[in-house]
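Please view the sequence and the model together.

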Amino acid sequence: MTDRTAALRIIARRSAAALAALALVGLPEAALAQPLQDNAYTIDLFQGPILAPLRVTGIAGAYAGYAEGIAGMVANAAAPALREPFSMRWLEWDVAASISLPIELFENNDFDNSGDIDLDYSNFVYLTLGGQLQAGDFGVGVNAELQRYSLTDEAGAETVVVIGTYHFLGGARVLGDALVLGAGARAVTLGLGAEQTNLTIAGISPELGLLVRPDWASYRLGATFRFPVNGGRLLGEGVVMDGQVRRAGGLILPNEVVLPWELEVGLAVQVGPRPLNPAWIDPRAQERELRGAIARRQAAREERRDRELGAIDDPEERARRERIFATERARERAADERELAAGPAVLEEERRARYWNWPREHLLITAELLVTGAVSNGVSLERFLAQRQPGSEHGPSAVGTSGAHVSFSPRFGIETEPIPGRVHTRFGSYYEPNRFGRLGSGRVGRQHFTFGADVRVLSTTLWGLVPDTAFTLQASMDFAPRYDSVSAGIGVWH
């Protein structure tokens with residue numbers, strides 16, 4: 001066979017494949033499937049697989065209806081004002097940090113569900129850091145999530161990507177604990193580093209959230225809406241003009257980078273003897289009640305003494321009784337002052353005992369729907385980075401193939417404690433929508449199955465630096481077709 005004959009056959013096969021693709025997807029979408037030729041496109045920062053704190057990942061991200069703790073800020077903007085069952089003080093603060101190093105078990109690198117295993121995402125780090133401050137009915141919180149991964153193409157060229165998502169939130173409890181409202185901002189940064197290239201973008205937009213949790217009810221309802229974040233253009237070092245086209249590191253740059261809008265609606269139901277929504281006891285209200293009870297007791301004693309003195313006609317006897325009453329008052333006043341001084345600590349210990357005396361057995365069931373908005377002229381981040389991949393000009397890296405339609409991701413999770421006080425387990429499943437429309441893998445999304453566990457290992461005060469705290473070893477797993485991730489961390493047992 002001559003070289004010319006072989007070349008003709010290759011051209012014929014490619015032409016037949018192109019005609020078959022046209023027949024399958026239709027002319028309008030085929031027209032979209034053109035290679036990137038200029039800057040008239042947008043990077044769609046849609047994230048298919050869940051990257052979140054381990055507890056959120058373990059129940060498949062179905063956390064908007066539960067929303068407890070610093071982890072809740074990634075799912076519900078009302079989370080900073082939600083009092084957790086172990087919240088004992090009027091002024092509470094908490095910080096949390098974790099680092100996850102997902103472990104790839106198999107050759108499953110189709111992170112964006114495009115149908116191609118073309119880039120190496122194994123060098124990946126997920127870091128989260130957050131803090132919150134609660135004062136009475138109000139709370140504020142900040143949470144940062146950093147995703148750093150390096151991608152290596154077939155030619156050995158490495159690109160480092162760092163994506164930061166930040167939540168700045170404040171909230172208030174309304175109608176007691178029955179309603180929690182929150183609002184704030186969601187910000188995003190993206191850094192891109194390659195050979196002789198250092199680019200970054202940043203943007204910010206509002207988000208709103210609410211949580212319905214009637215006292216002592218066994219259910220919660222939560223919702224949050226995040227407006228789209230437009231990060232504008234990638235700016236920095238290494239940008240060159242190739243005619244009318246901006247390039248950097250061999251990549252054609254987009255006109256803008258967008259984190260699409262999101263609507264997250266969730267439900268949490270708990271069965272078993274452990275309460276889901278115990279009424280939070282306000283320490284200041286409890287202390288005011290203690291002071292009021294002591295004042296009423298003092299008034300009742302004085303009223304009794306006045307009646308007794310009023311019934312005595314003999315002046316000498318009345319004077320003697322008054323001297324006795326004066327001694328009693330001094331003794332009672334000292335006792336009352338001791339009770340008032342010790343009151344806050346005693347009441348806090350009572351609140352703590354109330355929490356720890358609740359049964360541990362429970363089954364928490366969560367469900368939610370995450371709706372993600374469309375992006376005009378979208379290209380996935382992974383396909384943007386794969387421009388230098390051989391054959392990428394024929395794949396779904398074309399303009400408009402990511403985020404052309406609104407995406408829906410139903411999620412479901414179960415959490416329980418099979419060994420009370422020792423082991424906490426989580427299971428879940430979520431549907432990752434196909435963000436590429438009909439040009440994606442199988443034209444549909446893929447189903448994920450998640451697992452997680454906490455194992456209590458030790459209690460310590462860290463040489464008296466913190467109150468006695470129980471620590472846990474944590475793990476979470478996420479499996480789907482052409483994707484798997486196993487992460488580990490350390491947490492606090494409550």
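## Strand pairing and a surface patch

In this predicted model, β8 pairs with strand β15 (residues 262–271) in the antiparallel sense, over 8 bridges. Within that pairing, Ala223 has Val265 of β15 as its bridge partner. Strand β8 (residues 219–226) also pairs with strand β7 (residues 197–212), again antiparallel, over 6 bridges. Here Gly209 stands opposite Thr224 in β8. β7 and β8 form a hairpin with 6 residues between them, and Trp216 in the turn has a positive phi of about 65°.

In a regular strand, side chains alternate between the two faces of the sheet. In β8, the covered face holds Arg220, Gly222, Thr224 and Arg226, whereas Tyr219, Leu221, Ala223 and Phe225 are on the uncovered face.

Elsewhere, 4 strands form an open sheet of mixed pairing, in the order β9-β14-β1-β17. Its edge strands, β9 (229–232) and β17 (378–380), each pair on one side only. From one strand to the next, the twist averages 30°. Asn230 has Val258 in β14 as its bridge partner.

| Strand pair | Bridges |
|---|---|
| β8 and β15 | 8 bridges |
| β7 and β8 | 6 bridges |
| β9 and β14 | 3 bridges |

A nonpolar surface patch of about 530 Å² consists of Leu91, Trp93, Val95, Leu133 and Val140. Strand β2 (residues 91–100) supplies its largest share, 3 residues. Val95 lies in β2; Val95 counts as exposed because its relative accessibility is 54%, and exposed means over 50%.

Notes: Residues numbered from 1 in each chain as written. Predicted model: local features only at pLDDT ≥ 70, side-chain atom pairs only at ≥ 80, totals over all residues. Heavy atoms only, no water. Pairing = 2+ DSSP bridges. Helix = DSSP H or I, 4+ residues; strand = E, 2+ residues; numbered from the N terminus. Axes fitted to C-alpha atoms, helices over the stretch in contact; angles between N-to-C directions. Patch = residues over 30% accessible without salt bridge, like charges linked within 9 Å, V, L, I, M, F, W, Y side chains within 5 Å. Areas by Shrake-Rupley, 256 points an atom, 1.4 Å probe, with all protein chains shown as cover. Salt bridge = Lys/Arg side-chain N within 4 Å of Asp/Glu carboxyl O. Buried < 20%, exposed > 50% of the residue type's maximum accessible area, 1.4 Å probe, protein only.
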